[in-house]
Amino acid sequence: MTTKQSNVATMQAGYAAKRKTTTIIVYIFLSAMVLLWLFPIFWLVLQSFRGEPGISTSYLFPKQFTFDNYIRLFTDERFPYGKWIWNTFIVAAFSCVISTLFILMVSYALSRLRFKSRKTFLNLGLILGMFPGFMSMAATYSIMELVGLKQQLFALVIVYSAGAGLGYQVAKGFFDTIPRSLDEAAKIDGATRNQIFWIIILPLSKPIIVYTALTTFTGPWADYIFVSYFMKDNSDNYTVALGLYKMLDNQTINDYFTTFCAGAVLIAIPITILFIVMQRFYVAGVTGGAVKG
Amino acid sequence: MDYLDYVQMTKGQQIKYKITSFFTGIPGAIGTFLKFLGYLIKKFFAWIGNGFKSYGARFTQGDGATKASYLIMGVGNMAHKQFGKGLLFLALEIGYIFFMINFGSVYLAKIYCSGVHFDPDDYNKVADGMIGNVPVHYTVDPFFGTKTIDNLDTLDNSNNILLFFVMTVLISIAFFAIYIVNTKSAFATQEIIRSGKTPMGAVEELKMFLDERFHVTLLTLPILLLLVFNILPILFTILMAFTNYDKDHQPPGNLYRWVGFQNFADVFYSNPLKSATFGKILVWTLIWAVFATFSNYILGIVFALLINKKEIKFKGFWRTAFVITAAVPQFVTLLLMKLLLDDKGALNAMLGTQIPFLSDEWGARITVIVVNIWVGVPYTILITSGLLMNIPEDLYESARIDGANAFQQFTKITFPYIWFVTTPYLISSFVGNINNFNVIYFLTGGGPSPSSYYKAGQTDLLVTWLYKLTVNTSDFNLAAVIGIIVFVICAAGSLITFNMSKAAKNEEEFS
């Protein structure tokens, strides 16, 4: 009896010890990976405070720490960082409002209203979404030229928000989960579909409205493709992404390398925080559709 | 072969069976896909046929006013006291006729020859003030002797001709739809009056747009914008693929014209440089998509499993630490990597080495895949760690009681579950990787670029080539061809995989 018990005890102890070692190994592995993962970003932050000029140094920690790179961002004449931020903000704000409205309208209609051509719209949206996003960039540019928006910021607003009708998936997935009995009850009470949308569904959809607004707002901050083609050499209307990219041009990279790093850090902070806050919606958006099939 | 035979096989046989059945399944899947296409086409024509049938039926059963509205829109409604609606139809018809006479017909006529009033290729050689039958005013530079055309605006511009042509066609389709609605509406009011009721007034009808027809109210504006700034440009671009709109034929001043399937032939076989470039880029695009998708998927699952182990504390911290690289805007993370990995970049400087991370063919290719892991794995971690928490704990409990070890638990419970739920995600990330512009463009810019490539480099994907052809070289026709090919690959690929995947089959079973 006692030997059997002690046997079990040693077995358990051995098992626990083995478990402990695997846990420690996992901790070490994860820590190493996180260090590796964050090293480039750490390096970027260090470079943004570097006092010495030039592209690269053979040592990791700058010899001279300074805020000059950040100050230079807002005082430099050649690369007006403040102006880019303002441009991007204007474009982002307008396309955020228009896109959010459109996305909510389309996804509500496709999710909760039943009409004859609904399936056709869903399929058409799927097909249109498979064309490479910027394939028709040249054609869109011609149209903008024709309506007098050549190299204008408003052309960007239109480009970012015109396709919004196609980005209905996440919001539609959300609307699908609101019980239909709510609509039915309101209908019995004599509410029109318009009233149901504004008074019943929208107040219930705050999280998805916030999510849609934030994603459509951050979109223009990260886009390079359309700005680079639409603005060409009109450097007054550059946005942050294009402007920072131009800093790394062969002729200017040597002078502006650390300034670029400062600009990149400054723009990355708010967007990173937004993403981390919103990540659970991203997951729900991607897997939500899959679970329901 | 049924399930019992399958279970009795050894592990190796099972894997072999799965692989062979995947490949032997491809023709079947393509067959299903084609059958599905055929079904769609049949349905489309049936729809048109039915449309004509009921169109004729309405005409024969209609009274005088309804018949009249087949020619003059809105008469039927006006005769039945729906003046507002009738007048609206009439105004639309007059507007359309006016548009067609003054504008549409001009461009419909010109599209046939794409505005070839004169030969664009040698307009510089023409001496007098006429090109064909079009008067042209030149200014001759006194010093260099080069000619510039002053009245460019009054000359034909192929871009405008093509664009207005597409616009006219879209407007005509929309008008035709309204015309059909008009005949339906005329007939419907006629029937309402015949049954002794009074037709709806304008106010009541407008109110329907807030209730029964609320979808029309919601969808009209988004679809209109989509039509003008999305569908119109796409159609315009598709037509460009059949013209010689390249860097030598740039309007205004030069016209471009139809060349049929010449550009497709160029890309596939007839132009040695372009077709060789296309072949190499296509192969690399597919290799890249496979490696980028599965490396992210597998490593992401491994990390998520480790983080979600019961004994590991601070799960939120670990997840967030990894997610940061996905949260920072890609142009920052990727440009930063480029600076770090450049030949004279910081990493080589710090290590004191000369490793060609980005300047050697396979070095650059491996680098982009590895860096893609760095920015892409966080997404898989995010998605799968949520799923891992959803797997019921008692499944593992009973597996442990049955004596399954950790590896068996993974292959029998965890992986099948994740695989099942994430198949659609896997498909969309494969398509996303075929279109992954950022990683390639910011990191290598497509380079290294030997001269055996036409305006492209060894890490270029089809989409980055498309971008370069559009932005750098203005070879719009070639860019359009590439765009169409990418579309076909993505559409066919995702439909076929979706047909083959379990998710699709199961959905059919349930519905």
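Leaving aside its neighbours within four places in sequence, which residues is Thr23(A) in contact with? Select Thr23(A) and the answer is Glu311(B) and Ile312(B), where contact means heavy atoms within 4.5 Å.

The model is predicted, so local features need pLDDT of at least 70 and side-chain atom pairs count only at pLDDT 80 or more, whereas totals for chains, interfaces and linings use all residues. Residues are numbered from 1 along each chain as its sequence is written, chains are lettered from A and ligands numbered from 1 in the order in which they are written, and side-chain values use heavy atoms, with hydrogens and water left out.

**Stop 1**

Thr23(A) belongs to helix α1 (residues 2-48) of chain A; helices (H or I, at least four residues) and strands (E, at least two) are DSSP runs, numbered from the N terminus. Thr23(A) has 11% relative accessibility and therefore counts as buried. Buried means under 20% relative accessible area, exposed over 50%, and partly exposed in between (1.4 Å probe, protein chains only).

Next select Glu311(B) with Arg19(A): their side chains form a salt bridge at 3.2 Å, N to O. This pair crosses between chains, from the loop between α10 and α11 of chain B, which holds Glu311(B), to helix α1 of chain A, which holds Arg19(A). A salt bridge is a side-chain nitrogen of Lys or Arg within 4 Å of a carboxyl oxygen of Asp or Glu. Both partners are partly exposed, Glu311(B) at 24% relative accessibility and Arg19(A) at 35%.

**Stop 2: the contact between the chains**

Now display the chains in two colours. Chain A puts 84 residues into the contact and chain B 87 residues. About 8000 Å² is buried between chain A and chain B, with carbon and sulfur atoms giving 82% of that area. Buried area is the accessible area (1.4 Å probe) that two parts lose on being put together, summed over both. Select Trp37(A), Met130(A) and Met135(A): they supply 10% of the area that chain A buries against chain B, more than any other three residues.

Two salt bridges are counted between chain A and chain B. Asp211(B) forms a salt bridge with Arg193(A), with the closest N and O atoms 2.9 Å apart.

**Stop 3**

Move to Leu219(B) in helix α8 (residues 214-240) of chain B. Leu219(B) counts as buried because its relative accessibility is 6%. Not counting residues up to four places away in sequence, Leu219(B) touches Val106(A), Ala109(A), Phe115(A) and Phe121(A).

Then select helix α6 (residues 153-162) of chain A, where nine of the ten residues are buried. Among them are Leu153(A), Ile158(A) and Tyr160(A). The cover over the buried residues of α6(A) includes α3, α5, α10 and α11 of chain A, together with α8 of chain B.

**Stop 4: helix α14 of chain B**

What lies at Val375(B) in α14(B)? A kink of about 40°, shortly before the proline Pro378(B); the bend at a residue is the angle between axes fitted to the seven residues ending there and the seven starting there. Of the 30 residues of α14(B), 22 are buried, so the helix is largely enclosed by the rest of the structure.

**Stop 5: two loops of chain B**

Select Lys81(B), in the loop between α4 (75-79) and α5 (83-111) of chain B. Lys81(B) is not a glycine, yet has a positive phi of about 70°, and it is exposed, with a relative accessible area of 71%. Phe314(B), in the loop between α10 (272-307) and α11 (315-327) of chain B, also is not a glycine and has a positive phi of about 55°. Phe314(B) counts as exposed at 61% relative accessibility.

**Stop 6: further salt bridges**

The whole structure has 13 salt bridges over all chains. Lys247(B) and Asp475(B) form one, the closest N and O atoms being 3.6 Å apart. The two residues are 228 residues apart and link distant parts of the chain. Lys247(B) is partly exposed at 40% relative accessibility, whereas Asp475(B) is buried, with a relative accessible area of 3%. Finish at Glu393(B), Glu397(B) and Arg400(B), which are linked in a network of salt bridges.
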